[in-house]
Amino acid sequence: MLKFIPIKAHAGIVGFESPAAEYSQLRLNLDQLLIDHPSATYIGIAEGESMKGDGIFSGDLLIVDRSQTIKDHDVVVANLNGVFVCKKIDKVQKCLISSGKGFAPYYLCEGDEFQIEGVVTRSIRLHRAFKKKL
Amino acid sequence: MYALCDVNSMYASCEKVFDPAIRNKPVVVLTNNDGCICAACGIAKQMGVGKKFVPYFQVKKELEAVGAVIRSSNYELYADLSQRMMDTCARFAPDMNIYSIDECFLSYGKSVSAPAQGWHKLAEAIRKTVWREVRLPICVGMGSTPTLAKAANHAAKRISGFNGVAVIDSEVKRKDILSQMLVTDIWGIGSRLGRRLNLMGINNAWDLAKQNPTKVRKDFSILVESTVRELNGEVRHNWDNVRAAKKEIYSTRSFGQRITEIEQLQFAMATHVEIVAAKLRKQKSLAAAVTFFASSSPHDYDGYFSESYFHRFTVPTNDTINIIKLTQAALNKVFKSGIRYYKCGVGLMDLHSEQLFQYDLFSPSTDNPKLMSCMDTINARFGRSTLHTAAKGFEQKFAMRREFLSPQYTTKWSDIPKILC
């Protein structure tokens, strides 16, 4: 009686090494594209409807860069009386402008605690909800 | 030239970065398990609250009265902000040494020639940039040696008129700043050494700087001699010995709630063994001795209990399993039923370099470096204690209590800051 060894035989076929193997580190990374100054950038989440004119909807992600120089009419995040707000800044008239319809500009007055926290360099619209809960 | 940059009340300042509502309030941060105060912001200090290492429950009413904001230690947040601060500082110098979570030395090489804008303007630029980009307040001190940079930093922070930036770049300034500093304010001079120096009539840093270095070595130690030389502009510290391998490694922590069962104490001890042994392997050392200790709280009413167990290894080790085997003997010594344990810990002592250690032919090491390196790699990749010993148990009742924890704004997606639109 012939005995079989119950092991599958392997032929020595290893195929060609993928010519792209050496380049695998080139996969795109969104951080690289969206974040210019990693140590000065933070990500926040928008709440409210007042910035729709700039395409910022409630629940959008905001990428905020603290190292940018602030230009007139930039979309910024500021600390207004202890709350982070996202508005357009008018440096000449010293006011915060909401780009959504029906929102009046906010003129800064003396008693206000006000600091610009950074420039909103990008906002990310989530056309579908995340699979995982944020 | 050297610069020392450090964050003012690091932990309390970190709490303010993403919470603008508390920026003008007194903020106090508590240690592990919310036991003691470990940091207070400038506003709290001015109000006279937030003394370091005072048990929280003792000053709870006092803090409430001034409307203080209480926070548990949020290490995830502090570590991330620390990294950002270091990255920002690093842009301003060719060489850098991170000294602790909130301070770093910048080194500009041996040449003392000032940059185009001058040292003072450069130091101001570092301070402003860290504030603008990371929202952390820092002080910057510069001097021709690390010790003088430390002294300048002390002046920047403590001596009025400096506003967060001080540079020792002339004899006049060196004398001015050093004569306004107590000897104990000098880097490396502790309070005991300070008392001895005071007895000799050496009261301020300038007095010490004027001493004869050779005589100081005879009277004290080579470390004090180095300090004297550094105060006079001769560089003695270098990056390597600024952070030499530790001579002892401890892991100790108070429990979230008191422990009375022997199993829970064993789990806690094993946890500490895992932590210290991993640290030991990271710095490539072997330990020749170990101590286990446990105690009740000195603030409890039923009397203070504290006991420890010491063991010396025949062959120095850095193997978690070899050390964990001792927990049983240690428990026999430190555990007594009826004691409400508040704290325990493990310390490794008499450390030797792994590379330089001379092994003994007749008592071979029982360490299993392959297993340990495998465990360390897995834990580094998948998170602490993914792989752990069974001695540590699976249900730990003493886990950290962090009742006043702020969100992890920069490391956890669900915690990113909300911005009102």
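Q: Two strands pair if DSSP finds at least two bridges between them. What makes strand β1 (residues 2–7) of chain B and strand β7 (residues 138–143) of chain B a pair, and in which sense do they run?
A: In this predicted model, local features need pLDDT of at least 70 and side-chain atom pairs count only at pLDDT 80 or more, while totals for chains, interfaces and linings use all residues; side-chain values use heavy atoms, without hydrogens and water. Residues are numbered from 1 along each chain as its sequence is written, with chains lettered from A and ligands numbered from 1 in the order in which they are written. β1(B) and β7(B) are joined by 6 bridges in the antiparallel sense, and at least two are required, so they count as a pair. Within this pair, B:C5 stands opposite B:V140 in β7(B).

Q: Which strands of chain B form the open sheet, and in what order?
A: The order is β5-β6-β1-β7-β8 (chain B), 5 strands with mixed pairing. Strands here are DSSP E runs of at least two residues and helices are H or I runs of at least four, both numbered from the N terminus.

Q: Why do β5 (95–100) and β8 (165–167) of chain B stand at the edges?
A: Each has a single partner strand, so one of its sides has no neighbour in the sheet. From one strand to the next, the twist averages 15°.

Q: What shows that helix α5 (residues 119–134) of chain B packs on the sheet?
A: Helix α5(B) touches β1, β6 (103–107), β7 and β8 of chain B, where contact means heavy atoms within 4.5 Å. Its direction makes about 155° with that of β7(B). Helix α6 (residues 146–158) of chain B also packs on the sheet, touching β1, β5, β6, β7 and β8 of chain B, at about 140° to β7(B).

Q: What makes a set of residues a nonpolar core, and how many residues has the largest?
A: The members are buried Ala, Val, Leu, Ile, Met, Phe, Trp, Tyr and Cys residues joined through side-chain atoms within 4.5 Å. The largest core has 65 residues, and those with the most contacts inside it are B:M85, B:L106, B:Y108, B:I126 and B:M142. Among the residues that B:M85 touches are B:C5, B:V130 and B:I138. Another core, of 32 residues, lies apart from the largest one and includes B:A268 and B:L351.

Q: How many bridges join strand β10 (residues 285–296) of chain B to β12(B)?
A: There are 11 bridges, in an antiparallel arrangement, with B:L286 opposite B:H352 in β12(B). Strand β9 (residues 249–259) of chain B is joined to β12 (residues 341–353) of chain B by 7 bridges, also antiparallel.

Key: Buried < 20%, exposed > 50% of the residue type's maximum accessible area, 1.4 Å probe, protein only. Axes fitted to C-alpha atoms, helices over the stretch in contact; angles between N-to-C directions. Lists of a residue's contacts leave out its neighbours within four places in sequence.
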